[in-house]
Amino acid sequence: MGSALPLGDPAPLDGLLPPSVVELSHDHPFGVYLHVPFCRVRCGYCDFNTYTSSELRGVKQVDYAGQAVLEVGLAATVLKNSGVRDRPVSTVFFGGGTPTLLPSAQLIQMLRSVDDAWGLAPGAEVTTEANPDSVDARYLTELAEAGFTRVSFGMQSAVPHVLKTLDRTHDPERVPEVVRWARDAGLQVSVDLIYGTPGESLGDWERSLDSALAMEPDHLSAYALIVEQGTKLARQIKSGVYPVPDDDLEANMYELADARLASAGYDWYEVSNWARSGPDTPASEFRSRHNLAYWQGHDWWGIGPGAHSHIGGTRWWNVKHPAAYAERILAGHSPAAGRETPDARSREIERVLLLARIRSGLPIASLAPDARQQIASLIGDGLIDGRAALRGSVELTLRGRLLADAVVRRLT
Amino acid sequence: MSPRAVQELQPASTDPAFIRNFCIIAHIDHGKSTLADRMLQITGVVSDRDMRAQYLDRMDIERERGITIKSQAVRMPWAQNGQTYALNMIDTPGHVDFTYEVSRSLAACEGAILLVDAAQGIEAQTLANLYLALDNDLKIIPVLNKIDLPAADPDKYAEELAGLIGGKAEDVLRVSGKTGMGVEELLDLVVESIPAPVGDIDAPPRAMIFDSVYDAYRGVITYVRMIDGKLTPREKIMMMSTKSTHEVLEIGVSSPEPTPSKGLAVGEVGYLITGVKDVRLSKVGDTVTTHLRPATVALKGYSEPKPMVFSGLYPIDGSDYPILREALDKLKLSDAALVYEPETSVALGFGFRCGFLGLLHLEIITERLEREFNLDLIATAPSVIYEVTTDDRKTVTVTNPSEFPGGKIKSVSEPMVKASILAPKDYVGTIMELCQGRRGSLDGMEYVGTDRVELHYHMPLGEIVFDFFDHLKSRTQGYASLDYEPIGEQEADLVKVDILLQGEAVDAFSAIVHRDKAYAYGVLMTERLKKLIPRQQFDVPIQAAIGARIIARESISAIRKDVLAKCYGGDITRKRKLLEKQKEGKKRMKMVGRVEVPQEAFIAALSGDTETKDKK
């Protein structure tokens, strides 16, 4: 299920990394992503690597945590054998799928294995994604007590007809309740919103923003709906059940979100991410450090079917289906399906395309001369901020964030 | 039934009384080449083993399209009542664009087989060529082909043919080129009814060139029909139009491979090779004589090939320009009618303005360039020759809208044609509607047989070159056929419409159209471009204008969102590849002012295909 894996070079069965990773691994923080590839139902827009019980081809959900733990052990061995310096883990992120479909004990078991393998750094950020209808107060408390620090709720919308189009099953009334439980448990709270769903009006979107802000989350992500090929939604749009999403309406929605969030005390720090700050709260306090690590090109190991990893300039991805994954892991083999070590030119493109998305993330001095020559015209076109440029970094304007891909094309 | 000839007659010493020169007049697909093949086989010129379907059509394109572009002549022996004859079959091009070449082929014959598909009846081009043949006093042998087909209705079409050329329906011969049925009878009829050629063997030699073909190994092969006297090998010959002289390296007949002979004499048909490398030195219609004892009067009917339709040809990949130039230089050697000169377009880069005899000629050349030279080409909308007189009484010849003078125009004249359209009578209304929409005026209408009508129109050639034939075919379910011939120029209220992107004219889209249609053209193109050009970071007005006056306008609003919302660990490889692909796409963009236009948009706009909008 979900989108296809990239084409790459074959990966060895022992998972050993190429020698180049040692040199490029620097002193970056190290993160671990744990994928939980299960959902109760598949949402029509989703192309993530996740499976409902009927799609599992005999694999049992209950066996999964044990397999993930085996990969954590394999990861520690591979890094050691590849000569990569041992580092404690700065961030852990459970994503899916729906991680909270597993009993809390299994998530905790997986977290323990990470701690056992590398040790958690002091102040490590440990996040799990959660569906509002898959957790209760007790579950959240158990996670917090075991070392989880953050939960990210897939709220998506507060408007019933939008949730229905997205195939989301939760009751919007329940969201403030689960947010309160999470906060009571001592967890930081983030909510995810989606805009641009077919049939969603600017008014609907405003209602969702207002509902989200009323809960005063620490962090908020707002994503324009991407219609991915092969999804049910793509088929529904192709057959005319839903209209093609309107880019201009989505731009209006983004502008509305940015205005609302800014006035409520949320700063954007990545194109689609905002974090609460204030007189007593530094801007970096509630940013997702795990996600920042992706954009900053840090090292992380992705555990689980279809998970992607990046260590020292080499990227790889695991086999997609949980059955294929289980087979590899239980045979003691690396689950990697393919990998690539992009050349210097491609790494530079990746660096620019990722850092440009972060507020003041891309130092102008780090750009090639050709790209630096574009800076003046990008300021002139209103795409990057002139004052930030004088301070030495690329910072997208509101218009520039909406046209970020065009900016990146000019800078690479 | 006649046997194959035992002993062939020798060229150069054949009594004209035993020579028969004929051609076959037929529509595309009516089976001319198949019938010719069968004749070659039955007369023993080509052994059954060597028989290759449609032997005479050399080029791949000809074989695929089932049409003959270049004609050839084949000498076939045939015996009747103990006397051996030499039958020269002269193949004629079958299309309207090559009317002049057809007329020269006909002038080389004393008779013609009028070949008509027994399931389809006569078509407009065939009618046109039939008129030409009758004009040249050729003896016509009417023949119905494909009588073996289940759909054949020979009785009906025999009546039709008899009605056209006189005579009785039962005299119309029925054959099948495919099975060979009736072909021997046809050869006998050629001997019996077509007159023998006449000429003066003692006069200074005069030979008419009816075709010249470039061969990569032998240079130009010139096909001639001897009218008077005799030509021999090693003789120094002279072209009467240019007075240029050449030595005959080889002279002979095709049967069907070139076979050298001791010469060619009165009434004979054969070929000459002089080592010349360019067909322009051996022009169709010219008269060949001898240098030592030249004829004083050239044969009638010679004229220079005159291009009627012009189009810019551009390589889609700009770096292919030198290959295109070389390719045109090569094609020119074998095609005296092809003219071209370098041209530059803002939108399309470097290319050539090419002149063609007509639309099919354009299509054939484009296809040969693409196929034989592996080029990807884009052709601008075809244009004709306009004579534009400005208020200060200067006259400018315009073959490209970009040459259209600015300022006050006194008059514009355009080439006119007499168009003949032959179609089942049920389509008369829709055809009249189409022709009137194309500024045609009806000259007359006549029935051909009982259920088909031939309509005669005066029309501007410019209206025909612009997708007229496609419309005609689609409105008549493919049943209508078209023929046209130039009949001079006529003044008309013509204007140049420019298409502007952000105020900059895009040369490839300028067109010369009738004032009444300027608005429609402007709306069509601005709407088309709005669909095809991706949104930019600023608003892009698209306008159609006559001079400074805007007649239609559209606008592409600025793009506001060009960002993938989500980019996490698993997306990075995919995202980088997407970006690299987008950047690759940008490289193929052409700049019109500040507007980035994908090359595909130009191509789609010119071809009318608006389905391929490239988003990035």
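Visitor: How many helices and strands are there in chain B?
Guide: Happy to start there. This is a predicted model, where local features need pLDDT of at least 70, side-chain atom pairs count only at pLDDT 80 or more, and totals for chains, interfaces and linings use all residues. Residues are numbered from 1 along each chain as its sequence is written, while chains are lettered from A and ligands numbered from 1 in the order in which they are written. Taking DSSP runs numbered from the N terminus, with helices as H or I of at least four residues and strands as E of at least two, chain B has 14 helices and 33 strands.

Visitor: Is B:Asn145 buried or exposed?
Guide: B:Asn145 belongs to strand β5 (residues 139-145) of chain B. A residue is buried if 20 or more other C-beta atoms, placed from the backbone, lie within 10 Å of its own, exposed if 12 or fewer, and partly exposed in between. Because B:Asn145 has 29 C-beta neighbours inside 10 Å, it counts as buried.

Visitor: And B:Ser33, buried or exposed?
Guide: B:Ser33 sits in helix α1 (residues 32-42) of chain B. Since 24 other C-beta atoms lie within 10 Å, B:Ser33 is buried.

Visitor: How many residues of chain B are in contact with chain A?
Guide: Contact here requires C-beta atoms, placed from the backbone, to lie within 7 Å. On the chain A side, 35 residues take part, and those of chain B in contact with them number 22.

Key:
Contact = placed C-beta atoms within 7 Å.
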